[in-house]
Amino acid sequence: MKPSPAMLALVPDAFGGRGGIAQYTRDFLGALADAGAMSTITVLPRHAPDLAAPPETIEQTLARPGRIVYSVVALRTALFRPIDVVFCGHLFMAPLAALIARLKGAKLIVQTHGVEAWPRPSWLQRAALESADLVLCVSRHTRAAVLSWAAVAPERLLVVPNTVRDTFTPGNGSTTRNALAVGSKRVLLTVGRMDSGQRYKGQDRVIAAIPYIVGQGHDVEYLVAGEGDDRARLEALARDVGVRERVRFLGAPEFRVLNELYRAADLFVMPSTGEGFGIAFLEAMTSGTPALGLDVAGTRDALADGELGSLVSEAELPVAIARLLAKPKPDPVELAAATRARFGREMFAACVRNVLNRLMEVDGGVRNPLSSVQRPAQTVGRKSLAEKSQVL
Amino acid sequence: MCGINGIVAYLSSSKAPEETELLVTRDAMRARGPDGFGAWWSMDRRCGLGHRRLSIIDLSDRASQPMTTEDGRFIVVFNGEIYNYPQLRAELETDGARFRTTSDTEALLHLYARHGADMVHRLRGMFAFAIWDEVRQGLFLARDPYGIKPLYTANDGWTFRFASQVKALLAGGHVSRDPEPAGVVGFHLFGSVPEPFTLYRDVRALPAGHTQWVDVAGPREPKPFANLAEVLAKGAAHPTSAAELPERVRAGMLNSVRAHLLADVEVGVFLSAGVDSGALLGLMRDAEQREIRAITLAFEEFRGTSEDEAPLAARVCEQYGAQHIVRHLGEQEFFDDLPAIFEAMDQPSIDGVNAWFVSKAAKEAGLKVAISGLGGDELLGGYPSSLDLPRWRRWFGPFAGVPGLGRLARKFIGAVAPGFSRTRPKALGLLEHAGSWPGAYLLRRALFLPQELPGLMDAEIAREGLRRLKPLRRLAASLTPDPRSDSARVCVLESAHYMRNQLLRDTDWAGMAHSLEIRVPLVDFTLLAALAPAIPALTPGEGKAALAKAPTSPLPNETVIRGKTGFGVPTGAWMNKVADEDLGPTAHTPENKGLISRRWSATVFSSATRANDQLEVRAS
């Protein structure tokens, strides 16, 4: 029996990393390890600010923040190990990943997330992505954006949506409400970075809407969780529109209190224009809190085209918040179950298995003659993978 | 002929398809199937199939679609005809299959149940179909080797959709209208949109001669099952002598015509004064078709002139004892119908107007099915390309070996003689392109050449479109494996590009707009295989001469002498008038002067962009 294939994962961060991309990478690699489809998974992160050990079946090397050092280490690692699959966790790393895949005759998976993949990248990144066997996208929007600049057979672009951890569950949130002393106020919540360079999360849109919401008779308090260098601007905005006392900046919440924070809110609102997917929506809804977002980009996917949460235009936002606050809160258990049914760990694991199966098929499938027009066939080492994968 | 569509919400995260979308898409194809309609949903409602029916074989309600196997496992929607259905049925019944209808659709279900995807190798006909497997929870799609029947797909990463028409997919309201630069560029290069591209990034044609599988892991890349070049290459490996050509043509054509007469309704014929349609009429008589009605399009402007096809067509009709229906067309009717023509045109094409009017005439005559001589020029070397391409290759081939020479010469002449460069762009491209088969073909068929595109549209769209389309590599890919003779290479290039992307597509939308099934016995994979050994020895004119003699009673000599006219219509002058209005002051610039196709293409493309402002890419 042939051994299972070995994977090298080039990622910005994974275990010990922060933010949505690190979380997604951990989820993906974890599901891959659980599937038992790879003999080894070696993860090379650029960053790992926190101490966190990967699962036993995954080996993670030391973080190498410098680009040159990272590239040298990646090439050296590739040189001395058998590698059948290269997983590239970010478009910026695709040229290096494509080079290693070519040198090793390995298959290449490139993962795309959000804003990094929406505009046309450099020709080198584009060429690297076009050489991939599979391109994974977290949402339909990101997939469409990649297709707008990449000459790739559309069937090679698969959507693997974000998933949500089992630790997020519904509850009454009274502990946090008491701790925050919000009393009987209606609580709006946003969880997301405040980045002055991007400013897409939409906290400013919520602040601007508060006077209208109060005018509709809602005694609201807006909790802004997250950190970033745009906080001062948002604070100034709250003062300017006369709602400073209704906006509370909480900083970056520790993970252990996040679930409680979601539970404490009456409405999770993140009118972002730049979500690749928006994992915070899933966390809120599996905590039992209804969610509201703009009908754009990856938010549509996270809210399941409006079936899980509410999707509105930017102009409708104030009215929509007021309307949702006036409605009784939906059954938290039902909302959490419906969210998990679409985006839970089981569904995610099934998606990852599909990715693996598709990767195996590239070997044995009969190619369209024009596939070679769109993407030159790589020949070195290609036939070994299907034979090696006995698991799926 | 029918209209088919379907939706599969394959990713678990996606919401179930809406019934409204399925029905709106289906009913946007009402003209394709006025005789009936149906819809089917899987148990979990994650897959829906729709069908509009034009009843041709087994006119009863029991043959309605979507059609299900007795055990409920397989469900099919089908557009087209399976001409070897009687043989298949006999084989299947011998194998234990029990038929509930006399429809060819049911044969597809039995074949798929027994042979899976390999079933396509047993089919002779024109077809586009989808079969849902309730057990495997997957969808199997297939399209005939020549691409006679259309099939378009759209995949957004969550949900897979398909339909017989691009416009029907868009009508459903859930498919993006974002432009596809390769489609836009392809239209300006060739005068039609080359498959698999469409004008829309998210809509693709399932390529001719391909199958596709869709399940919970999403749609797979289409797999080829038939290749024109391969058939001709195999034929060339066992060539026959020129002396055998007439008998091969006669036997092959008669066999094809006989197969194409399978129907439970009357089958008529489009008749011009040319060889192809006349020979088909004669062969229909040889195939013992009793009552035959032949439709000829004639023009008031040509009455009493040598351009008038009606008198010669009448002679052919008289010879074969067919009832002749002559339909006269005038300029006013052309202008009156133009809005409807653009509405029915599924994707922009600089041709198709003639197909519209002859289909209209057939419908007025009460026909549901008509035989067309389309394909004879591609198969038997009837186009000027049969002479030009080999000649150009010989003359300019030596220059093709010098890298950059052609481009340098073009730029030099463009600098010293800009007027010549603008008015004779193809002459300017000879050194650059004519030395290779793909280049020579591009030059022969091009509406505009690649270097002209930045002047017609946003330069970035032109650049990106060419990068994605890769026109020369695409043309070269169709010649793989090498068909091994000049005549076979021209046959493949004309069949796999001009005929597939333009003539057959125009025939489909123009016929379907009048609820008319147009059958093309000269576009038949079995016939191609039968003639393949003879094609390498084919010299220009010889094939058509053999076709003229194929009927027991050969065509009159005048028909052969007159050569190809087809269903020529005096639309050139009419199109010029329309283009003058559309182009305004730019109508008579040197670039536009005298080039009717180029002028007309601007009108056609603007009609498509009027329907979608996201396609506003042509320079003002």
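Reader: In strand 11 of chain B, which residue is the bridge partner of Leu139(B), and how do you know that the strands involved are paired?

Author: The bridge partner of Leu139(B) is Val214(B), in strand 11 of chain B. Strand 7 and strand 11 (residues 210-215) of chain B share four bridges in the antiparallel sense. Strands (E, at least two residues) and helices (H or I, at least four) are DSSP runs, numbered from the N terminus. The model is predicted: local features require pLDDT of at least 70, side-chain atom pairs count only at pLDDT 80 or more, and totals for chains, interfaces and linings use all residues. Residues are numbered from 1 along each chain as its sequence is written, while chains are lettered from A and ligands numbered from 1 in the order in which they are written.

Reader: What makes strand 7 of chain B a mostly covered strand?

Author: Five of the six residues of strand 7 (residues 138-143) of chain B are buried. A residue is called buried if 20 or more other C-beta atoms, placed from the backbone, lie within 10 Å of its own, exposed if 12 or fewer, and partly exposed in between. Strand 7 of chain B is also joined by six bridges to strand 6 (residues 125-133) of chain B, running antiparallel. In that pairing Ile131(B) stands opposite Phe140(B). The hairpin of these two strands has four residues between them, and Gln137(B) takes a positive phi near 55 degrees there.

Reader: Why are strand 3 and strand 7 of chain A called edge strands?

Author: The open sheet of chain A has seven strands in the order 3-2-1-4-5-6-7, with parallel pairing. Strand 3 (58-60) and strand 7 of chain A each have a single partner strand, so one side of each is left without a neighbour in the sheet. From one strand to the next, the twist averages 20 degrees. Inside the order, strand 1 (residues 6-13) and strand 2 (residues 40-47) of chain A run parallel and are joined by seven bridges; Val11(A) stands opposite Pro45(A).

Reader: How do you know in which direction helix 3 of chain A runs relative to strand 5 of chain A?

Author: Helix 3 (residues 94-104) of chain A lies across strand 1, strand 4 (85-88) and strand 5 (107-112) of chain A, at about 165 degrees to strand 5. Axes are lines fitted to C-alpha atoms, for helices over the stretch in contact, and angles run from 0 to 180 degrees between N-to-C directions.

Reader: What makes the residues of the largest nonpolar core one set?

Author: A nonpolar core is a set of buried Ala, Val, Leu, Ile, Met, Phe, Trp, Tyr and Cys residues joined through C-beta atoms within 7 Å. The largest has 306 residues, and those touching the most other members include Leu10(A), Val86(A), Ala130(B) and Leu232(B). Helix 21 (residues 486-513) of chain B gives the largest share of this core, 14 residues. Leaving aside its neighbours within four places in sequence, Val86(A) has contacts that include Leu8(A), Leu10(A) and Ala97(A).

Reader: What makes two residues of chain A and chain B count as in contact, and how many residues does each chain give?

Author: Their C-beta atoms, placed from the backbone, must lie within 7 Å. The contact takes 32 residues from chain A and 30 residues from chain B. Helix 14 (345-364) of chain A gives the most to the chain A side, with six residues. That side divides into 18 nonpolar, six polar and eight charged residues. Here Ala, Val, Leu, Ile, Met, Phe, Trp, Tyr, Cys and Pro count as nonpolar, Asp, Glu, Lys and Arg as charged, and the others, Gly among them, as polar.

Reader: How do you know where the domains of chain A are divided, and how many of their residues are in contact?

Author: The bounds come from an automatic or database domain assignment, which gives domain 1 (6-163 + 344-388) and domain 2 (174-342) of chain A. The C-alpha centres of these two domains lie 32 Å apart, and 14 residues of domain 1 are in contact with 13 residues of domain 2.

Technical notes: Pairing = 2+ DSSP bridges.
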